Structure formats: C-alpha cells, structure tokens
Amino acid sequence: MITVAYSLVAYQISEISAATCAHCLDSIRVELIQVPGIVGVELTPESGRVSVLTDGPVDERLVLDALEAAGCEVEGG
C-alpha cells in the first residue's frame, strides 16, 4: 500500500482581488508551483486567498519567498 499525506494551506494575500488580471494570477501560480513539494495551487481572487496543496513537508519560507517574487505579501506574515 502506498500512502501519501496531502496538506492544504491557505494564505490571505492583500494584492489580489476580483479585479486582478489573469496574467497576474498566473504569475502567482507559476512561482508557487516551482516550490518543491507543492503539487497544486488554487487562487480565489474574490476573497484574496491563495491555497497550496502539498504532498509532504514544505519549507514555508520558500512559499513566502515565491509569493514575494510574484509581488505579493501574506497578510499578517
């Protein structure tokens, strides 16, 4: 039997909203999906939420660095 533990973590991002263009949202996705261990990214612009699905431990500093590279800052982070 193969067991893989997945984890879903959400971040509140002030730089995205319902008015954020698709290109900017794609930039966030591209940065995050390059972080080792992240296997999925879901953006909910209406609520300013970015959710990442991981398949194991992920260094949160790498996630925050990827968001910063995309021009975002985590609220409260």
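**Notebook: salt bridges, cysteines and helix faces**

I began with D26, which is partly exposed, with a relative accessible area of 41%. My scale for this: buried is under 20% relative accessible area, exposed is over 50%, and partly exposed lies in between, with a 1.4 Å probe and protein chains only. The model is predicted, so I kept local features to pLDDT of at least 70 and side-chain atom pairs to pLDDT 80 or more, while totals for chains, interfaces and linings use all residues. I number residues from 1 along each chain as its sequence is written, and side-chain values use heavy atoms, with hydrogens and water left out.

**Salt bridges**

How many salt bridges are there? I count two. My criterion was a side-chain nitrogen of Lys or Arg within 4 Å of a carboxyl oxygen of Asp or Glu.

D26 is a partner in one of them: R29 pairs with D26, and the closest N and O atoms are 2.8 Å apart. R29 is partly exposed, at 30% relative accessibility. Both residues sit in helix α1 (residues 22-33), three residues apart, about one turn of the helix. I took helices as DSSP runs of H or I of at least four residues, and strands as runs of E of at least two, numbered from the N terminus.

The other bridge joins D65 and R61, at 3.0 Å from N to O. These two lie in helix α2 (residues 60-69), four residues apart, again about one turn of the helix. D65 is partly exposed, at 34% relative accessibility. R61 is also partly exposed, at 43%.

**Cysteines**

I looked next for disulfides. A disulfide is a covalent bond between the sulfur atoms of two cysteines. My cut-off was a pair of cysteine sulfur atoms within 2.5 Å. The count comes to zero. C24 is in no disulfide, and its nearest cysteine sulfur, that of C21, is 3.3 Å away. C24 is partly exposed, with a relative accessible area of 38%. C72 is in no disulfide either; the nearest cysteine sulfur belongs to C24, 8.6 Å away. Is C72 buried or exposed? C72 is buried, with a relative accessible area of 9%.

**Helix α1**

I checked the span of α1. This helix has 12 residues and reaches 16 Å from its first C-alpha to its last, close to the 16 Å expected at 1.5 Å a residue. The expected span is 1.5 Å times one less than the number of residues.

Which residues of α1 are buried? I found L25, I28 and L32. Seen down the axis of α1, the buried residues fall within an arc of 55 degrees, so they line one face of the helix. I took the arc from the directions from the helix axis to the C-beta atoms. The face turned away from the buried side carries the exposed residues A22 and H23.

S27 also lies in α1. S27 is partly exposed, with a relative accessible area of 28%. I13 is 14 residues from S27 in sequence and 14 Å in space. V9 is 18 residues from S27 in sequence and 19 Å in space.

**Helix α2**

I then turned to the sides of α2. The buried residues here are V63, A66 and L67. They cover an arc of only 100 degrees around the axis, which puts them on the same side of α2. On the other side, E68 and A69 are exposed.

L64 is partly exposed, with a relative accessible area of 22%.

V9 is in strand β1. V9 is partly exposed, at 30% relative accessibility. L8 is in strand β1 too, which covers residues 7-12. L8 counts as exposed, at 62% relative accessibility.

Which residues form a nonpolar patch on the surface? I noted Y6, L8, V39 and L53, with about 400 Å² of accessible area together. For patches I used residues with over 30% relative accessible area and no salt bridge, joining like charges within 9 Å and nonpolar side chains (Val, Leu, Ile, Met, Phe, Trp, Tyr) within 5 Å. The areas come from the Shrake-Rupley method with a 1.4 Å probe; for residues, only the protein chains shown count as cover.
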